[in-house]
Amino acid sequence: MDTTATRSLSFEYHYKNHEGRDCTSQLNITFPFDQESLEECVTQLMSQMDPMMRYLDENISLEKQLQEFVDMEHQRFLDDHAEKLLNQAANEELDLEAIVRNTERLYKDELLQFADRVGPSDADIFAQSFHRLVHSSSLEEILKRERTYAKVVADMTEHMDNEVETLNNSQQQEMDSQINQLDITTTSDDINNLLAQQYTTQNFVRKRYESELEAMMGHQKNEYRDWITSQVSQMFQVPPVATPLGNRSSMFVSQQPSMEESFTIHLGSQLKHMHNIRILSANVTELCSPLHAEESLNGLNMALGLYSSSLCGVVVLTPSIQAQANKNIIKNANKSTEFHFEQIDVQLENIEKQIRSLSTGDSTTSSNSSSTEDSATSSPTKKQVPKLKTGDFFITKHSNLSQSHCIFHLISDEPINSPSEINSRHPVILGLRNILKTASRHDITTLTIPALLRHEMSEDMTVQWCIRRAELVFKCAKGFMIESASWGGAELSTLQLLLPDDISESLFTTLAGMVPSVFHVANPKILVDTNK
Amino acid sequence: MTGRQESRRLCAVTFFAKLHPGDVCGSNGLPLTPNSIAILGRAQKLKELQDEHLCQYLDVIRGKHERTIVVSEYLGLSLEDYAKRNPPLSLAQILRIFYQVACGINVLSQHHLVAHNLEPKHVLISDDGRRIKLFNYGLHHMTKGGCYVPFPIGNIRYMSPERLLGLNGNVKSDVWALAMLVVELVLQIELWPKLKLSNVIRKILAFGRSNGVLEKIAREHQCYERYVSMDKDLRQLLESCLQVLPKKRPLPQELLKQPIFESVLAELKKERDQEIQENQEHVPLLLRCPLSQIYHLWQLAGGDVQAELKKEGLIRSEAPILGLPQIVRLSGASVCPGRSQAQLMDDRVVPLRLKALLQRLSRLPADVYFPLLHSPRFPAHFARELQALPLVIREKDIEYQFQRVRLFTRLLQGYPHTAEQLRREASVDVPPLLRGPIWAALLDVVPNGSYCKIDKFTATSTDRQIEVDIPRCHQYDELLSSPDGHRKLRRLLKAWVTAHPQYVYWQGLDSLTAPFLYLNFNHEELAFLSLFKFIPKYLQWFFLKDNSAVIKEYLSKFSQLTAFHEPLLAQHLASISFIPELFAIPWFLTMFSHVFPLHKILHLWDKLMLGDSSYPLFIGIAILRQLRSTLLSSGFNECILLFSDLPDIVMEGCVLESQKMYEVTPKSITHRQHALHQQQPHSLDIGVTEVELKHLQLEQCPRISAKDVQALLLYSPSELALVDLRSVVEYGRVYVPHSINIPFATVQLGDQRLEALPVANVETQLRGRIVVCVSNIHQHSVEFSHFLVACGIQRTCILHKGFNVLHSIEPNILISN
């Protein structure tokens, strides 16, 4: 469809100048006409006249005439244009069926009135039920239940670990004795057979437990969800009681990172937004430790916040090998049943699937495929397996970790032991920006980012390098936070800058000292009686 | 204006603006403006539309995540419901509806707008069935023809064939929709009620190949007899409106002239005459106030549009964690779970109830609703006791604001005749709703049409700088960051530059203009004229190409006044050479509009508007005073850092302090050569050019005129401490009563303690007073004043022209022996 056609017409204005002579100003006007530019056209026509005419109020009658001209011609232009298209349509020069299809799709996709009504999804209903329940007097009971469930799983895991351990030991002994008898009563074939047999046994035991565990978790999840739903229907009969505890109580009660320091900052040039910055050194897995491992208030905080609009997120760096998360985090997440989302392995599997479909769709855009090839050649076993690249990230959701509702797994392939120099346009930094953007769009108001873009210290990370790297990350984070004010989403209330837990105290102090100079720390307000 | 207001209601609709895909930048390299902001900017124009056939737009609110909420007037019920409740409508009634909707379209087309979403749902009819208003007609305009929203605009059933082909903006498409709507009423049908959406589209497109659209519709809906028996004139008219080629359809104004409407016209005229005579008693007083004020009060009374929408389930809170994407690529492309239906366009209308507000205000006497300005018998003394409360509380108090708004509405109607009274009331406080016009009145602005004559388009050398500055000017504000805001600001700045060939564009003019544009977004002329008057009043000569002399003088005066009010602080800043040139230029060049957010500037300028050109200096000192303890303990580097990004200043305290200082400071103390002088100076005043820049820079303390000293002596001698530095002999000959004689020769300037002075109890004699140093030898006064500042004595100044000038004062004030 040709909707961009234009037409240019000349407008002539006849008038008598201040000496009474007949004059004309002329201007070419393009249609369709934008009413906003009327005044501009008047100015252009006036500028062809003697400046005196301005004082003689010639602009008034000029504007009137021009307006009439424009109105008429604009209407004529629209009518003609419509006529042309309608004739084309009548002569079947246009693909009317395509118009029908597109229009129908637009209406069905965007207007509730025409959309195929689907009810809220199960996840949605459960989310609302849970959120409601957790903000009622049932909170304590929920937590108790979760803890009991977690205990069962933990016991089972422990049991499994114990049995595997015993099995290991006995097999080790058996093996040792066999090896000692090597070439006396046994051959190497015997040993190989034994090894295979032992491996099968161990695998069997492990598999048995794992399937048992899986069944248990599935069972727990069903039971739990049914229970929540039933509780909610009961709750409609009794008036709701207020939550015993506020929603915004601190997320950090139990975990005591080795070092931490907090600041309140103001960002923005005129209108200032307040944010909290906390710099801390801790192992990233500590932020994602199992929720019910110890008696703490964290369970409560996480439950209250889970379906709220103040979520907590953690950025964890991960290499681009596959959609593979930090091993310890997976382990932690598997310590208890994930009642609200898929178990982490399933989530990762799904993401893996998505990546595969994503990349097949992506292969047409060839420009960025070169890096894929590079990395593919370096690991020939994984040829053809598409994967994410530096700066991309995937997200897993959790309800059973201590300080994060969601984990941003940011791909970073920086080799350990050879710290490189990066600048603010580096993909990891841009990925960080995307994370902040996603956080803003999805109401994640507490975010933890690795301040050195590393989770562990290494020999080669000199103090100078650390300072440079931290400064870059701080400054970029500051820039993104300032920018985020215009994104129209949720404001980031707390940004946590995470340093490796094996950082030296002096380096921590140095880096913490940089925070107030990079971010503007709010001045304490001192109220002084000025009337003295 | 009677009965029609009974059923007046407010309502809200909401929708989502389109998200920008991925991460894209505009042509200027800056991030794209969110569409919801662009919508907000465009919608402002709609608020100005007031017509009896249009529902007034009242507000556009931007929610989180690109949600846009539109608040507008609502009347009775929709035509859809009305037709269902009262079937069938009589021909006269149908014609009435036809005519009034056509009136509405016509008004829109006069404003170069098209509705494009005309349908029975958007035609509102009063409960008595007499009056019609169009509703939600601005959607097409505010979304720039649908560019800013993901959903299509307009009900497909009423859509003309050319719109389906993608042509928008033709008012004749609205004429088609209007005709379809009338056809429904006349034939008593619902258009294609059971047809699938795609088939409706096919039907309409098929009209393109047929003549006699009306007949076809009638046949399709099995009511050919009604078609045949239809009033002939009406049938002809409808047929002409349903011509496939827009060219053959009548324009709205042509429609209105049809003879068929003559009876309707006569009827409407009769009703209007009747209404004027009708008794208005039964209408609540509040509903006779402008709707914009009612909405403002509704908000103050705790009205929350978002909460109302939530109550109706229009803002569904879906747990954000469920919508998180699974993967986000570097490019911004992401894999998300499917979009929830809560994001779709839901065209439900949510009424906002006024009942609580009406009850709340019903107790107030009528003279609060309609204050009498010139009758001393009815003084406007309502709620005076509230004036002692802090400003923030007053601005939130509904009854107080109501009274202020009504009072100022009256005063503004009477302006310029009421200028004096307006200024008096404004000194109490300024109601936020009317701040724009009130400021204009305080600046003596009288709109005269001059703005439209100024060339705002011809390219000039400053264009580039303006282009760079605008996208950085108070962009946290939604109005100012919208494309419309940018366009308006550009026009204002260019107009100012064109109108002042003697001046140049200095960076900062943008910030200075921003508050005026913000307050008068729909009245560019008022914004321009306010700026036009504001600059000479407070920033005379600041925008010269070479403004160094002006700025130097201003800053020197600032230093002097700092020493006058905060001697210790001034001393400290001088000692670390933290001079005002390092921090105060943007303060004064932009009257603080560059350093504070808009909401603070508004309160600051409320008071500034009432003071003269010296007032800003006191604001500067008040800021220093607020940071005093930090500054006193800081060195040069810390100070620079502190001022590079000014910390949060408590504006109320700042305003109060500056006002206090402004009031106790004698006028001559603030004398500047470059200020705007409107009157000839008195012979005892400081002459315009008598104090040069070098004097200002040398003297730490300001000079006071003999006139002010005389006034102090006469009216408030207890506030004056006159230190006579002449010798004992000279003092003995002639002196000012109650003056303190400290012969300059006896002072040891090196020993900066008051106790070192030869007079007992000097401190108690000087503290809390305006200390005037007088001598025959000017240099003595200067040095002694420096000594006093070093001792921390506040309000030290020097008598301009020395002791001898006191001889010339009539009547004599000196005592001679």
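Biologist: How many residues does the contact take from chain A and from chain B?

Modeller: Good place to start! Keep in mind that this is a predicted model. To read a contact, take each side in turn and ask which residues it gives. Here the contact takes 77 residues from chain A and 65 residues from chain B.

Biologist: Which element gives the largest share of the side of chain A that touches chain B?

Modeller: That is α3(A), with 10 residues. Among the other elements of chain A that give two or more residues to this side are α1 (38-47), α4 (96-110), α11 (344-362) and α13 (427-441). A strand, β6 (393-397), is on that list too.

Biologist: And how do the residues on that side of chain A divide into nonpolar, polar and charged?

Modeller: You will find 37 nonpolar, 26 polar and 14 charged residues there.

Biologist: You mentioned β6(A). In which sense does β6(A) pair with strand β7 of chain B?

Modeller: When you read a strand pair, look for its sense and its bridges. β6(A) and β7(B), residues 327-328, pair in the antiparallel sense over 2 bridges. To find one of the partners, go to A:F393, whose bridge partner in β7(B) is B:V328.

Biologist: What about pairing inside chain A: which sense does β4(A) take with β3(A), and which with β9(A)?

Modeller: Let's follow β4(A), residues 273-281. With β3(A), residues 259-267, the pairing is antiparallel over 9 bridges, and A:L267 stands opposite A:H273. With β9(A), residues 494-499, β4(A) pairs in the parallel sense over 6 bridges; there A:I279 stands opposite A:L497.

Biologist: How many residues lie between the strands in the hairpin of β3(A) and β4(A)?

Modeller: The hairpin has 5 residues between its strands, and A:G268 takes a positive phi near 115 degrees.

Biologist: Now for domains. Where are the domains of chain A?

Modeller: Read them as ranges along the chain. The assignment gives domain 1 (7-110), domain 2 (123-235) and domain 3 (261-518). The contact between domain 2 and domain 3 of chain A takes 20 residues from domain 2 and 11 residues from domain 3. On the domain 2 side, α5 (122-134), α6 (139-180) and α7 (188-235) each give two or more residues, and α6(A) gives the largest share, 10 residues. That side divides into 12 nonpolar, 4 polar and 4 charged residues.

Biologist: Which domains does chain B have?

Modeller: Chain B has domain 1 (3-154 + 251-277), domain 2 (366-442), domain 3 (451-539), domain 4 (548-665) and domain 5 (693-816). Taken over C-alpha atoms, the centres of domain 3 and domain 5 of chain B are separated by 47 Å.

Methods
Residues numbered from 1 in each chain as written. Chains lettered and ligands numbered in written order. Predicted model: local features only at pLDDT ≥ 70, side-chain atom pairs only at ≥ 80, totals over all residues. Domains from an automatic or database assignment. Contact = placed C-beta atoms within 7 Å. Helix = DSSP H or I, 4+ residues; strand = E, 2+ residues; numbered from the N terminus. Nonpolar A, V, L, I, M, F, W, Y, C, P; charged D, E, K, R; others polar. Pairing = 2+ DSSP bridges.
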